[in-house]
Amino acid sequence: MNRRDEILSKVSTIPAIPTVIAEIRKLLADTDANFKELSQVIKYDLGLTTNLLRLANSAYFGFTKSVNSVHQAVVRLGTKRVYELAVAAAVAPMAKRAINGYDLSAGKLWEHSVAVAIGAEQLASVLSINLPDYTFTAGLLCDIGKIILGTFVEVNAEPIMAMAFKLGIPFDVAERRILGIDHAEVGAVLLERWNIPGCIVDVTRWHHKPDGLEGDKLVVDLVHVADALTMMGGIGIGRDGLNYRPSPEVASRLKLTTRINELVVCKIMSGLNELNNIFTLKVVDGSKNGS
Amino acid sequence: MIHTVDISDMKVSTNKEDILITYSLGSCIGLTLYDPVAVVGGIIHCMLPLSKIDPIKAKTNPYMFTDTGVQALLKAVFDLGAKRENLITKVAGGAKLLDSKNLFRIGERNYTILRKVLWKNNILIDAEDVAGSKSRTVLLYMDTGKTTIKSGGKEVEL
């Protein structure tokens with residue numbers, strides 16, 4: 001068995017994600033299903049209920065009146081947020097573990113993931129783009145392949161690091177050359193196994209080379225830039241550092257400017273602070289932390 | 001005691017037993033100041049170059065921005081008795097993506113603003129490890145002022 005096949009076979013050892021996600025997705029796809037049915041599915045999941053209420057009452061959305069039932073929370077946030085939270089709750093335990101191969105201590109990949117998700121949404125908002133429903137989740141999951149590939153990167157750290165940092169080859173390209181596959185593709189294969197919608201799988205697969213995706217590139221573009229800004233902000237970065245190549249085509253498609261980029265970095269930090277208790281993040285900026 | 005300096009945060013110390021540490025600088029700038037005579041030291045971890053991008057945020061947290069943050073760190077160490085002529089000044093971070101077209105210039109801009117603020121304050125940089133594409137963790141040992149950079153699993157003195 002070659003290295004690539006060995007890595008792909010590891011994907012099947014990762015546990016499936018909870019069935020509540022499939023149920024929610026089915027309900028969302030069914031246009032006749034109403035808030036009430038959705039609330040019925042959720043209210044038996046205590047963790048999800050708690051987080052949904054916290055999210056509905058968080059500063060991130062800026063509502064002043066508090067809500068206290070699942071039904072009200074779903075109405076306030078819209079059904080797409082429910083799916084996002086369910087997916088987030090399912091992957092959090094895995095994404096929160098330390099990943100030695102990438103030199104990421106416990107919680108770091110998770111911080112990075114939430115930051116990219118917030119960044120993609122905030123970038124769209126700064127650009128006044130009407131963003132598709134799945135943007136947050138696509139951002140959240142883009143680096144999930146690292147939880148599997150980490151073990152293999154650890155074994156081959158030396159040649160990958162040498163190729164990346166001495167030759168200036170993007171880290172994902174170095175992974176592919178040494179291991180036969182990169183973390184983006186491993187992530188996509190894992191998400192397919194979990195039956196995550198294809199549009200989200202595509203974003204994960206192409207987030208380091210968005211120009212390769214055929215069809216509508218909006219979400220992959222947003223996630224690509226959000227990932228870049230999150231790396232620059234130093235949020236949950238490890239051994240691979242900033243050793244990735246940003247796409248000039250994406251920058252021109254989105255008409256990015258220095259001001260826009262820096263504004264979004266600011267908004268990522270604010271978002272992380274506001275969503276801190278929902279996603280149990282460790283990263284907080286100094287204003288909350290004191291010094 | 002080990003004190004962690006978060007992203008957009010600053011810490012100062014006068015205790016020889018302290019180690020100040022800030023993790024994973026990307027394009028952010030990490031600045032360490034140390035006065036061996038007064039035994040005063042500090043680290044700041046600034047994320048963005050200019051506070052004018054978000055003046056409200058800059059009021060609640062000046063450490064987030066290089067222009068307001070570096071000034072705040074200088075004031076803090078001077079307030080604790082550090083002298084300009086004794087200061088040992090070291091800089092790390094300001095990394096960038098493999099960005100040949102220079103689309104994302106946060107690291108470079110952070111470094112430029114830092115140089116400007118230090119220059120205005122008549123302070124020279126004694127050592128630096130900046131630019132490139134790696135993530136850096138910076139440690140300041142308060143007993144001797146030794147400053148080290150951890151990156152890719154290795155720790156080297158700056």
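**Entry on the model.** I note that this is a predicted model, in which local features need pLDDT of at least 70 and side-chain atom pairs count only at pLDDT 80 or more, while totals for chains, interfaces and linings use all residues. Residues are numbered from 1 along each chain as its sequence is written, and chains are lettered from A and ligands numbered from 1 in the order in which they are written.

**Entry on strand S6 of chain B.** I looked up S6(B), residues 88-93, and found that it pairs with S4(B), residues 29-35, in the antiparallel sense over 6 bridges; two strands pair if DSSP finds at least two bridges between them, and helices (H or I, at least four residues) and strands (E, at least two) are DSSP runs numbered from the N terminus. With S7(B), residues 127-130, S6(B) pairs in the parallel sense over 4 bridges. I then followed B:Lys90, which stands opposite B:Thr32 and has B:Ala127 as its bridge partner in S7(B). From S6(B) the chain crosses through helix H3(B), residues 106-120, to S7(B) in a right-handed β-α-β crossover, where right-handed says that, with the strands pointing away from the viewer, the path from the first strand over the helix to the second runs clockwise.

**Entry on the open sheet of chain B.** I traced 5 strands in the order S1-S3-S8-S9-S10, with mixed pairing. The edge strands, each pairing on one side only, are S1 (2-4) and S10 (154-157). Within this sheet, S3(B), residues 19-25, and S8(B), residues 136-141, run antiparallel and are joined by 5 bridges, and B:Leu25 stands opposite B:Arg136.

**Entry on two packed helices of chain B.** Which angle do H2(B) and H3(B) make where they pack? I find about 40° for H2(B), residues 66-79, against H3(B), with their axes 9 Å apart; axes are lines fitted to C-alpha atoms, for helices over the stretch in contact, and angles run from 0 to 180 degrees between N-to-C directions. H2(B) is therefore oblique to H3(B), since angles under 35 degrees count as roughly parallel, over 145 as roughly antiparallel, 65 to 115 as roughly perpendicular and the rest as oblique.

**Entry on chain A.** I also looked up H4(A), residues 46-56, and H6(A), residues 79-95, whose axes come within 10 Å and cross at roughly 125°, which makes H4(A) oblique to H6(A).
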